[in-house]
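Dear colleague,

I am handing over the structure below for your review. My notes on what was found in it follow directly after it.

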Amino acid sequence: MLLHLHVKNLALIRETEIDFSEGLNILTGETGAGKSILIGSMTMALGGKVPKEMLREDGGPALVELVFSADCPGLLKKLQELGIPMDDKELILSRKITGNRSICRLNGETVSTSVLKEVSSWLIDIHGQHEHQSLLNKKKHLEILDAYAHEELLPVLHDLSKRFQICQNLNRELEQMSGDTGTREREQSLLEFEIQEIEEAELKDTEDELLEQSYRRMVNSRKILEALSAVRGLCGGEEMSASEQTGRACRELSGVLQYDEGLENFNDQLQEIDSQLQDFVRELSDYMEGFEFSEQEFRDTEERLNLINHLKAKYGPSIPEVRMHLEEKQKRLDMLVHYDQHRKQLQEEYEKASKELMDCCQEAHGIRVKAAEKLTVLMKEQLGELNFLDVQFEISVKDTGTPSAAGFDDVEFLISTNPGEPMKPLGKIASGGELSRVMLAIKTVMADQDEIDTVIFDEIDTGISGRTAQKVSEKLALIGQSRQVICITHLAQLASMADGHYCIEKQALDGSTQTQIRRLSGEEITEELARILGGARITDAVRWNAMEMRRLALEFKKKKGKT
């Protein structure tokens, strides 16, 4: 459940905080007061996009913080896997936006936006202001049905997707084998040349690295020898060399050892230094004597290195990758040499994979048909409660015969809202208000399928009024008995059902326009309902209507078990 919202420096909001309650939370206010900004801020905090126009130019970084109570076992397990600490089952989501950069945190731990989205999917379901329009697209119908049947359908769809990919790959291989005889012969000739070129090189692992080292040493041999000669002269030459100086120091120290036993340690150290220096000079001289190489050795190294670099440039950036290329060429050549046999085998594999794919599609189809029957019954029940009189509703699941990664089903919602009229596609006959109610019915049914505690509706009342608005308000009140509902509305019928009523107002403060929000109580609720009912002028009659509407709403909730 969402406990607290804190927004700072976002659009018209300088800074505001809201403590939400259980049940039905209603947000009302004049058009343009900033109601949708609050929903937008929540979407951003949950990992959604950040429109540039929502960031204030005159303020500091934008900040949105949501505090949830989280006791869902699946969510707690996910947070444990992510290493997110949990105290008292309270989860704090925050997102700070500075320019083009945003920082997301869960209980103080920095996380990526994708992780934030994944976690938020367990916490809250937001129904956007125009989401009901998505019902005009049949793809949405398939998504809804699959979401309803996800527990049984998900493993089948996972298997189906893999089998579809296998079929796609086999089909591509078959298409690649469809060239004419002349084309295959030219490809075969080229493959034979490339294979021979690589095999004749007899490449060895790390050979290129060793050759490069040798070549670099040969190319710079003069510089190396000049430097080594200078080092040998400084260390082991005769006049003023390090060796001559340490030898002289040894003789000087040896001459006074008899006078002080404490000099023995210094003498031993000096003798060791002299011995190591002499060894170094000898080894350096041996290295210089073996440094010589012939002109032929240099040419052989250069030619071999050029050959290897040519093969690497042509077939791969390293010797192992050149060898992998060779293996691929050999497989392709083998396929061309035994073309008919390979094509027959590939065709058999494709036919087998296609049959398995169709079997998987058929399994998914069966699950969807059964789920569609159950969902149809539930939808009829919910639509009836939303003032659809004598409504007929059906979910059509047709086998198109053309498989895809999601199966071969074409799913479409059919509806008849008037007695005697045949059922037609939902997108062709439903008005905006009817689509809103259908979406509310879907959300009501789907809410019972998941563990999400909070549902947000941004103007679910679009296009409805009168008795229908009353039915929708009663439905939202009933949903609020089992989970938290946050709803932005312009209808008094919905607002009267509130367990927590919040008013959003736009005010001029400190020379700028700012959005403020406050929770209403007592007569403030009546006044806000009267404002919604009465418009510009609020009379005593309007106030009486508002009080009566609130009384009836409280009576309805009490009757349904809400105190």
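Ser396 lies in strand E9, which covers residues 392–404; helices (H or I, at least four residues) and strands (E, at least two) are DSSP runs, numbered from the N terminus. With a relative accessibility of 11%, Ser396 counts as buried. Here buried means under 20% relative accessible area, exposed over 50%, and partly exposed in between, for a 1.4 Å probe and protein chains only. Leaving out residues up to four places away in sequence, Ser396 touches Asp410, Val411, Glu412 and Leu414, where contact means heavy atoms within 4.5 Å.

Please note that this is a predicted model, in which local features need pLDDT of at least 70, side-chain atom pairs count only at pLDDT 80 or more, and totals for chains, interfaces and linings use all residues. Residues are numbered from 1 along each chain as its sequence is written, and side-chain values use heavy atoms, with hydrogens and water left out.

I turn next to the nonpolar cores. A nonpolar core is a set of buried Ala, Val, Leu, Ile, Met, Phe, Trp, Tyr and Cys residues joined through side-chain atoms within 4.5 Å. The largest one has 92 residues, and Met379, Leu383, Ile395, Val438 and Leu476 touch the most other members. Helix H13 (residues 339–385) gives the most to this core, contributing 13 residues. A second, separate core of 42 residues includes Val7, Leu93, Ile488 and Tyr502. As for Leu476, its contacts beyond four places in sequence are Leu24, Leu440, Phe457, Ile460, Val485, Cys487 and Leu494.

Helix H13 itself has 47 residues and reaches 66 Å from its first C-alpha to its last, close to the 69 Å expected at 1.5 Å a residue. The expected span is 1.5 Å times one less than the number of residues in the helix. Gln341 is found in H13 and counts as exposed, at 54% relative accessibility. Between Gln341 and Leu311 there are 30 residues in sequence and 32 Å in space, C-alpha to C-alpha. Val377 also belongs to H13 and is exposed, with a relative accessible area of 54%. Val377 and Phe393 are 16 residues apart in sequence and 8.5 Å apart in space, again from C-alpha to C-alpha.

After H13 comes Asn387, whose phi is positive, near 70°. Most residues other than glycine have a negative phi. Positive values also occur elsewhere in the model. Asn9, in strand E1 (residues 2–10), has a phi near 55° and is buried, with a relative accessible area of 7%. Thr206, in the loop between helix H6 (181–201) and helix H7 (207–219), has a phi near 60°; at 44% relative accessibility, Thr206 counts as partly exposed.

Helix H7 also holds Glu212, which is partly exposed at 32% relative accessibility. Glu212 touches Leu305, Asn309 and Lys312, not counting residues up to four places away in sequence.

Asn25 is buried, with a relative accessible area of 0%, and its side chain reaches the backbone oxygen of Gly23 at 3.4 Å.

H18 (residues 523–534) has 12 residues and reaches 16 Å from its first C-alpha to its last, close to the 16 Å expected. In H18, Ile525, Thr526, Glu528, Leu529, Ala530, Arg531 and Ile532 are buried. Their cover includes E3, helix H17 (492–495), strand E14 (500–509) and helix H19 (540–559).

Lastly, one point concerns a ring. The charged end of Arg437 sits over the ring of Phe388, 4.0 Å from its centre; this term applies if NZ of Lys or CZ of Arg is within 6 Å of the ring centre and within 35 degrees of the ring normal.

With kind regards

Methods. Polar contact = N/O pair within 3.5 Å; in protein donor to acceptor, adjacent residues only side chain to side chain.
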